[in-house]
Amino acid sequence: MTGCSKTVDNYMMFMGAEGIYTNVIKYDSREDCQVCIGMKPKKISFGASKTLAELIEFFKKDFEIKYSNPSISSDNQGAIYLSNPAFASMYEDKLKATLEEVRSKEGTPGLEIRVQDPDRPFAERYIIELQ
């Protein structure tokens with residue numbers, strides 16, 4: 001529920017000098033809750049021959065998603081693309097890579113990514129189904 005860690009999936013409260021309190025009750029998610037929806041990966045079909053730059057443009061222009069400046073990472077590769085101007089030049093060569101090339105570096109049959117945007121409070125997960 002906090003969005004701060006994969007393992008902290010319920011409740012955590014930091015009280016400054018007083019300490020940290022965690023609750024052990026497992027909260028149920030609701031299908032209409034924006035926070036709960038953000039935790040479950042969303043599936044997107046995309047062409048395997050499309051480039052990472054095209055995927056980023058899709059994330060910026062899609063009516064339902066509409067990111068302003070997305071950064072992309074994965075569990076296996078870490079940062080795939082960082083949009084921060086201080087780091088963007090380090091990742092420019094990856095923008096030309098096809099999604100199939102990015103997936104092959106994952107070592108998994110699919111491509112599961114996390115997308116972080118400065119306008120959103122936490123990263124959202126996507127499963128890219130390559131066609």
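**View 1. Burial of Tyr126 in the predicted model.** In this predicted model, Tyr126 has a relative accessibility of 2% and counts as buried, because the cut-off for burial is under 20% relative accessible area. Phe59 is likewise buried, with a relative accessible area of 0%.

**View 2. The ring pair of Phe59 and Tyr126.** The two ring centres lie 5.0 Å apart. The planes meet at 45 degrees, so the pair is classed as tilted. Phe59 belongs to helix H2 and Tyr126 to strand E7; the pair therefore ties together parts separated by 67 residues in sequence.

View 3. Five aromatic pairs are found in a search of the whole structure. Ring pairs join Phe46, Phe58, Phe59, Tyr67 and Tyr126 into a cluster. Over the ring of one cluster member, Tyr67, sits the charged end of Arg120, 4.3 Å from the ring centre.

**View 4. The buried side of helix H4.** Helix H4 spans residues 99-106, and its buried residues are Leu99, Val102, Arg103 and Glu106. These residues lie on the same side of H4, because they cover an arc of only 100 degrees around the axis. In an α-helix, residues three or four places apart point the same way, because there are 3.6 residues a turn.

View 5. The buried residues of H4 pack against helix H2 (52-61) and against strands E3 (42-46), E4 (71-74), E5 (78-81), E6 (111-116) and E7 (124-130).

Terms used. Residues numbered from 1 in each chain as written. Predicted model: local features only at pLDDT ≥ 70, side-chain atom pairs only at ≥ 80, totals over all residues. Heavy atoms only, no water. Buried < 20%, exposed > 50% of the residue type's maximum accessible area, 1.4 Å probe, protein only. Helix = DSSP H or I, 4+ residues; strand = E, 2+ residues; numbered from the N terminus. Arc of directions from axis to C-beta. Contact = heavy atoms within 4.5 Å. Phe/Tyr/Trp six-rings, centres within 6.5 Å; stacked < 30°, edge-to-face > 60°. Lys NZ or Arg CZ within 6 Å of the ring centre and 35° of its normal.
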